[in-house]
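Please keep the sequence and the structure in view while reading.

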Amino acid sequence: MSKKMTAPAVRGRKVRSGADPLVMVTAYDAPGARIADEAGVDVILVGDSVAMVVLGYDDTLQVTVDDMARHTAAVARARPGALIVGDLPWMSYHVSVEETVRNAAALVRAGAQAVKLEGGRKRVPMIEAIVAAEMPVMGHIGLTPQSVHAMGGFKVQGRQHDAALALMEDAKALEHAGCFSIVLEGVPDEVARLVTDSVDVPTIGIGAGPHCDGQVLVFHDLLGIEDRIVPKFVRRYASVKADSVAAVRSFAEDVRTGRFPSSEESYHLSGEVAETLGLYGSAPGISA
Ligand code: KIV
């Protein structure tokens, strides 16, 4: 992507106004950011999903602001044209407004151009404070993984009448507080449509059906790097884990059978130096 994407440009991407759907993927390091950017995505989310797909934890609760800043900085070093959104981890925006603003600033100083946080109406004071400090905020409602214990597991949200209405109220509150876009995760597609219709900022869905203003998938899921659990909403566009296992297995076979490295893959002394060392013609691959 040549042109730099901005939060105000993302805010204008409402499909009902004729915009193309937004494309967001996660990335956690410079190679991932380069892949996402060369593929032309609009937004790179440095998600706290790094905890599960990179760091091997069972949930997202284990990562800190320092962890997220480190991964955000790695993504930023790739200088993508896509907007970089840094995910605020659990407990970084729950204690006080002051701490929240400082933690958001840490991600922006690491290279994020916006931050994301989970939760509805109860997050309004935090969102307003971050926005007042000139940092764009992406909201995230529905199945919010940082609430895994409160929700009793990673469960689809908004299935009942009142819960669906509550999600619409949450989305409106986030928009009013200044969010430039809202991730809608793990909700029935009918509810995602109602929420999307009820706000003027774009919604970006994951497990929320086709009626959102954009879609996001986790990099490791869409590439098939993470293949242990494949949620219903994931479409795999590659089998990188399986291809990588096959590639490393071939390397192991080549090493064990002496096929790697070849003479072409080795450095060689000049004939004169080899001769002074008494190696002339005496070792495989070393000859004048
Ligand atoms: O951390 C993450 O990857 C996310 C996406 C699932 C939206 O929050």
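The points below are grouped by topic.

The model is predicted. Its protein chain holds 12 helices and eight strands. With a radius of gyration of 24 Å, well over the 19 Å that the globule rule gives for 288 residues, the chain is more spread out than a compact globule.

**Overall dimensions and surface**

- The C-alpha trace of the protein chain spans about 85 × 40 × 35 Å along its principal axes.
- Buried residues make up 48% of the 288 residues of the protein chain.

- Taking contacts between residues at least 6 apart in sequence, 58% join residues at least 24 apart.

- Strand E6 covers residues 181-185, and five of its five residues are buried, so the strand is largely enclosed by the rest of the structure.
- Ser-181, Val-183 and Glu-185 point one way from E6.
- Ile-182 and Leu-184 point the other way, and the residues of both sets are all buried.
- Strand E5 (residues 137-142) runs parallel to E6 and is joined to it by five bridges.
- Within this pairing, Gly-139 has Ile-182 of E6 as its bridge partner.
- Strand E7 (residues 203-206) also pairs with E6, through four bridges and in parallel.
- Here Ile-182 has Thr-203 of E7 as its bridge partner.
- Ile-182 therefore has bridge partners in both neighbouring strands, given that strands pair when DSSP finds at least two bridges between them.

**Loop residue Ser-49**

- Ser-49 lies in the loop between strand E2 (43-46) and helix H3 (50-53).
- Is Ser-49 buried or exposed? The relative accessible area of Ser-49 is 15%, and because buried means under 20%, this residue counts as buried.
- Leaving aside residues up to four places away in sequence, Ser-49 touches Thr-26, Tyr-28, Val-54, Thr-60 and Val-218.

Note on methods
Residues numbered from 1 in each chain as written. Predicted model: local features only at pLDDT ≥ 70, side-chain atom pairs only at ≥ 80, totals over all residues. Heavy atoms only, no water. Rg over C-alpha atoms; globule rule 2.2 N^0.38 Å. Buried < 20%, exposed > 50% of the residue type's maximum accessible area, 1.4 Å probe, protein only. Contact = heavy atoms within 4.5 Å.
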